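Please read this briefing alongside the sequence and the model.

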Amino acid sequence: MRHLLRDDDLSPAEQAEVLALAARMKQEPFAHRPLAGPRAVAVLFDKSSTRTRISFEVGIAQLGGTPVIIDAKASQLGRGETIADTARVLSRYVDAIVWRTGDQSRIEEMASAATVPVVNALTDQFHPCQVLADLQTVQERLGRLAGVTLTYLGDGANNMAHSLLLGGATAGMHVRVCAPQGFTPDEQVLRDAKDRATHTGGGVELIGDPHAAVAGADVLVTDTWVSMGQEDDGLDRAAPFRPLQVNAELLARAAEGAIVLHCLPAHRGDEITDEVLDGPHSAVWDEAENRLHAQKALLTWLSST
Ligand code: CP
Ligand code: NVA
């Protein structure tokens, strides 16, 4: 039994297998029913969601399974039942547990007590389902992953930065992170991504200057400057993050034919301009759609391992 708690839980070969399956799922959305029976999947949310919730619910149904969507705060988990006890009980009802929560230690605790696969649907530290969809989108648009230069501009310490580092390095990409001082990635995640990159021919770099960071890049990625749960932390982000805005001027310095990704929701006029988000280089709507295909592939893969 396997879990997906962070991006490097998949080896390079396994990640490639899931992505190939995701491409097939997209071609034939109703041809794969590994959860028919039906098998049930619990999808729990401690935080808000539009894409993750709906893509899992629709995807599980398309696979022939029964999605059980739970607002965790309204469950006994929200009243203090332990994570481990919740994992034991859920494992008696469902065939997989998908959870969006806060600290990574929470989902690790769920996985260690569960007897079914556990999938990270976003924690404070990682968002691996999103990055599978991002990689699927890059593969579709550019025809390759290995050797592609991807620049992430924004909060280098958030879930998207960490997952792009690990997931991109696993795919053999050259991942550049451009983040303000005080918002750089976790040192251990950087070491893990560098280690992974040495096995895949990829690379990992921190570049402070946004012009240098985007020069010649094939993919630009950004994300909100204020992640869920950080709304009231009192940190001034606008001033240090403003030079990292993905706008036409920055995009012009990337490679010709570069694509732009954003996991959404976007804060138009902050981390990205309307002109870029709605422009010809933007792949964000395909990226959002690919959540569905990538997660169906992941659940299929997990159900067969
Ligand atoms: N990108 C993403 O995870 O979106 P939601 O927060 O809407 O699920
Ligand atoms: N970094 C963002 C991603 C949202 C999908 C957050 O955690 O709020």
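Predicted model: local features only at pLDDT ≥ 70, side-chain atom pairs only at ≥ 80, totals over all residues.

Residues are numbered from 1 along each chain as its sequence is written, and chains are lettered from A and ligands numbered from 1 in the order in which they are written.

**Domains**

- The domain assignment, whose bounds come from an automatic or database source, divides the protein into domain 1 (3-126 + 291-304) and domain 2 (130-287).
- Between the C-alpha centres of domain 1 and domain 2 there are 24 Å, and their contact (C-beta atoms, placed from the backbone, within 7 Å) involves 23 residues from domain 1 and 19 residues from domain 2.
- On the side of domain 1 that touches domain 2, α1 (12-27) and α12 (284-303) each supply at least two residues, and α1 gives the most, with six residues; helices here are DSSP runs of H or I with at least four residues, strands are runs of E with at least two, and both are numbered from the N terminus.
- That side of domain 1 consists of ten nonpolar, six polar and seven charged residues, where Ala, Val, Leu, Ile, Met, Phe, Trp, Tyr, Cys and Pro count as nonpolar, Asp, Glu, Lys and Arg as charged, and the others, Gly among them, as polar.
- According to the unreviewed UniProt entry, residues 2-140 carry the annotation "domain: Aspartate/ornithine carbamoyltransferase carbamoyl-P binding", though such annotations may be inferred rather than shown by experiment; this span is 45% helix and 14% strand, and its end C-alpha atoms lie 27 Å apart.

**The sheet of four strands**

- One open sheet has four strands in the order β2-β1-β3-β4 with parallel pairing, two strands being paired if DSSP finds at least two bridges between them.
- Its edge strands, each pairing on one side only, are β2 (66-71) and β4 (118-120), and the twist from one strand to the next averages 20°.
- Strand β3 (residues 96-100) runs parallel to β4 and is joined to it by three bridges, with Trp-99 having Asn-120 in β4 as its bridge partner.

- Five bridges pair β5 (residues 149-153) with β6 (residues 174-178) in the parallel sense, and Leu-150 stands opposite Val-175 in β6.

**Around ligand 2**

- The residues around ligand 2 (those whose C-beta atom, placed from the backbone, lies within 6 Å of it) are Leu-122, Asn-158, Asn-159, Met-160, Asp-223, Thr-224, Ser-227, Met-228 and Cys-263.
- This shell divides into four nonpolar, four polar and one charged residue.

**Backbone details**

- Leu-122, which is one of the residues around ligand 2, lies in the loop between β4 and α5 (128-142) and has a positive phi of about 120° although it is not a glycine.
- The peptide bond from Gly-37 to Pro-38 is cis, with omega near -5°, and Pro-38 is placed in the loop between α1 and β1 (40-45).
- Leu-264 and Pro-265 are also joined by a cis peptide bond, with omega about 5°, and Pro-265 is found in the loop between β9 and α11 (274-277).

Methods: Axes fitted to C-alpha atoms, helices over the stretch in contact; angles between N-to-C directions. Contact = placed C-beta atoms within 7 Å.
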